[in-house]
Amino acid sequence: MNNDQTPNVSNFIRNIVKRDIESGKHDKIVTRFPPEPNGHLHIGHAKSICLNFGIAAEFGGATNLRFDDTNPLKESEDFARAIMHDVRWLGFEWNELRHASDYFQQLYEYAVHLISNGKAYVDSQDAEAMRSSRGTLKEAGTNSPFRDRTVEENLDLFERMKNGEFADGKHVLRARIDMASPNMNLRDPAIYRIRKVSHHRTGGQWNIYPMYDWAHGISDAIEGITHSLCTLEFEDHRPLYDWFLENIPAQCHPQQIEFARGNLDFTVMSKRKLRQLVEEEYVNGWDDPRMPTIAGLRRRGYTARSIRTFWKEAGVSKAESIIPMGVLENAIRNDMNENAPRLMAVLDPVKVVLTNYPEGESEILEAASHPQKPEMGSRSVPLGREIWIERGDFMEDPPRKFFRLRPGGEVRLRNAFIIQCNDVIKDSEGKVAEIHCEYDPDSRSGLPGASRKVKGTIHWVSVAHGVRAEIRLYDRLFNTANPLADKQRDYLEFLNPESLKIIMDAVVEPAVNDAQPGEFFQFERVGYFCVDPYSSSSAQPVLNRTVSLRDSWAKLNR
RNA sequence: UGGGACGUGGCCAAGUUGGUUAAGGCACGGGGUUUUGAUCCCCGCAUUCGCAGGUUCGAGUCCUGCCGUCCCAGCCA
């Protein structure tokens with residue numbers, strides 16, 4: 001239920017694909033995931049990845065990874081590498097790796113074809129003139145004075161654009177469609193612009209670069225894509241997508257289908273904003289565990305499976321929606337609950353002395369790695385006369401229904417003994433410094449005396465054996481559900497100042513020393529944590545909190 | 001009367017060409033098990049599908065009108 005066994009939910013795209021296969025329109029489907037290599041992938045891209053790769057896999061088709069690298073000003077090989085890594089990490093392998101830039105020559109030839117048929121022309125207006133003659137949403141645009149150049153002149157000019165004879169912005173190639181169209185995309189859209197800059201893959205080979213609309217559909221056609229899935233904002237571009245393919249000798253005509261992006265609350269998802277958070281150092285890089293990027297989620301401890309399951313359960317539709325962060329958190333909890341070995345860690349330690357425990361002695365207890373899965377084995381947990389417990393697990397004057405330790409009260413130490421509190425030692429400020437308890441030797445886990453009913457069970461770590469660790473407590477990046485809702489205020493004002501709390505003196509049971517970077521655990525009664533892949537060392541383990549456990553006690557006290 | 005789309009319980013979302021009682025998940029409420037106040041297991045949770053009319057023996061599914069929300073005026077993708 002919390003793995004890839006989750007049944008596929010029916011959605012309108014799957015229905016279209018299914019129908020196309022049953023009707024024989026296609027006997028094999030081909031999809032593509034087409035990121036622009038100008039930033040890192042985020043959880044929203046994961047939806048598209050899961051959809052494109054998932055649906056092709058389900059129907060025995062193939063999916064290409066294609067970089068939409070038509071704007072050399074913004075793109076880089078570094079981003080491309082990071083994207084490939086993230087796609088693979090998510091668990092998908094592409095059929096072929098392609099680039100829009102692989103098709104630059106073909107795209108150019110098709111443009112010449114368009115010009116030759118009088119369907120495109122070189123416009124020499126400047127950007128400002130083009131903008132003002134485009135009209136408005138309610139008024140038609142006006143034709144460019146260059147719209148009726150001869151085919152020969154257009155051909156000549158376009159070739160010279162390609163050859164680098166003109167400066168950036170001097171001319172642009174436009175499709176000749178309809179300046180009065182109610183659809184702004186059809187008002188003679190630009191298809192080539194001059195950019196005398198080096199491209200990360202084609203170098204200085206080109207002085208002109210195709211626009212998205214021109215490059216995308218043709219790339220789809222070249223690759224034999226059957227279903228070109230994209231987000232809702234491209235709905236208005238579909239008539240243009242189709243117009244282009246109808247006006248070139250394309251070998252196939254893919255169907256563009258739009259679906260709603262996936263949004264999450266308490267975060268932002270635009271590449272521009274994520275880049276700002278990184279560049280202005282509101283976070284520590286693209287892979288900061290608070291970021292909704294794939295890299296951030298990975299470092300936070302999210303598994304690829306949990307992300308896949310999350311999107312599978314969220315479904316795909318055309319209705320714009322914002323999914324609560326709690327749903328994503330629930331996905332990783334389910335995965336971790338199933339697969340995370342259990343350990344004990346004390347985040348806010350207070351010392352307990354077992355006064356009837358022999359001085360200088362200790363013992364090794366065996367504790368199951370998972371309460372419901374004996375096959376996951378066990379680990380050794382040392383216990384001595386002094387242990388750390390959570391400060392919050394003791395109260396001198398507790399409220400009703402407090403099941404933990406109190407003066408005179410009994411509590412079970414997880415995997416160990418039942419103890420009873422006899423004395424409380426305080427420091428000069430009245431803060432609890434030490435709690436004195438007696439333990440019941442007959443109540444050790446596994447012994448008959450352990451079956452005694454005790455209201456509460458708390459976790460603990462031996463003072464003599466515990467390992468000091470740095471623990472990073474991550475919380476939501478923003479303190480409001482929709483940081484963009486308030487148009488008067490900048491979204492940065494809603495950054496949660498408590499999104500990261502660092503605890504330097506937490507204590508973890510020694511089994512943590514065997515942990516590898518990236519490995520995850522449940523710290524019982526606390527939450528799910530993973531070993532930070534970069535900062536952690538055996539001398540000073542660093543653990544990131546992925547997500548806390550559900551806490552109905554805390555909820556009750558809210 | 002610019003154009004394009006969307007509107008099913010708190011949040012997602014399924015609803016085959018109109019046909020008996022509107023899936024499922026999350027959240028929420030109640031109960032049980034439990035050496036994690038975790039997990040797990042039961043039970044409950046829309047007489048109603050943005051609103052108003054209409055067609056029909058029968059409509060969330062068809063028609064008309066209205067309301068609300070989102071997208072489009074980059075030589076970005």
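**The surface near the RNA**

Guide: Around RNA strand B there are 68 residues, and the closest are Arg404, Arg414, Ser445, Arg550 and Ser552; a residue is near a strand here if one of its heavy atoms lies within 4 Å of it. Of the atoms of RNA strand B that come within 4 Å of the protein, 66% belong to sugar and phosphate. Before going further, please note that this is a predicted model, in which local features need pLDDT of at least 70 and side-chain atom pairs count only at pLDDT 80 or more, while totals for chains, interfaces and linings use all residues. Residues are numbered from 1 along each chain as its sequence is written, chains are lettered from A and ligands numbered from 1 in the order in which they are written, and side-chain values use heavy atoms, with hydrogens and water left out.

By residue type, the surface near RNA strand B divides into 22 nonpolar, 21 polar and 25 charged residues, where Ala, Val, Leu, Ile, Met, Phe, Trp, Tyr, Cys and Pro count as nonpolar, Asp, Glu, Lys and Arg as charged, and the others, Gly among them, as polar.

Some individual approaches can be followed atom by atom. A polar side-chain atom of asparagine 71 lies 3.1 Å from a sugar or linking oxygen of RNA strand B, whereas a polar backbone atom of glycine 169 is 3.0 Å from a base nitrogen of the RNA strand. Proline 182 also approaches a base nitrogen of RNA strand B, with a backbone N or O atom at 3.2 Å. The elements that give two or more residues to this surface are α5 (127-133), β6 (190-194), α11 (304-314), β11 (321-323), α12 (325-339) and α13 (552-556); helices (H or I, at least four residues) and strands (E, at least two) are DSSP runs, numbered from the N terminus.

A nonpolar core is a set of buried Ala, Val, Leu, Ile, Met, Phe, Trp, Tyr and Cys residues joined through side-chain atoms within 4.5 Å, and buried means under 20% relative accessible area, with exposed over 50% and partly exposed in between (1.4 Å probe, protein chains only).

In the loop between α10 and α11 you will find tyrosine 302, which is buried, with a relative accessible area of 5%. Its C-alpha atom is separated by 6.1 Å from that of isoleucine 332, although the two residues are 30 apart along the chain.

Another buried residue is glutamate 258, with a relative accessible area of 3%, and its place is in strand β9 (residues 255-259). Its side chain makes polar contacts with the side chains of arginine 238, at 2.6 Å, and glutamine 256, at 3.0 Å. A polar contact is a pair of N or O atoms within 3.5 Å; within protein, one must be able to donate a hydrogen and the other to accept it, and residues adjacent in sequence count only if both atoms are side-chain atoms.
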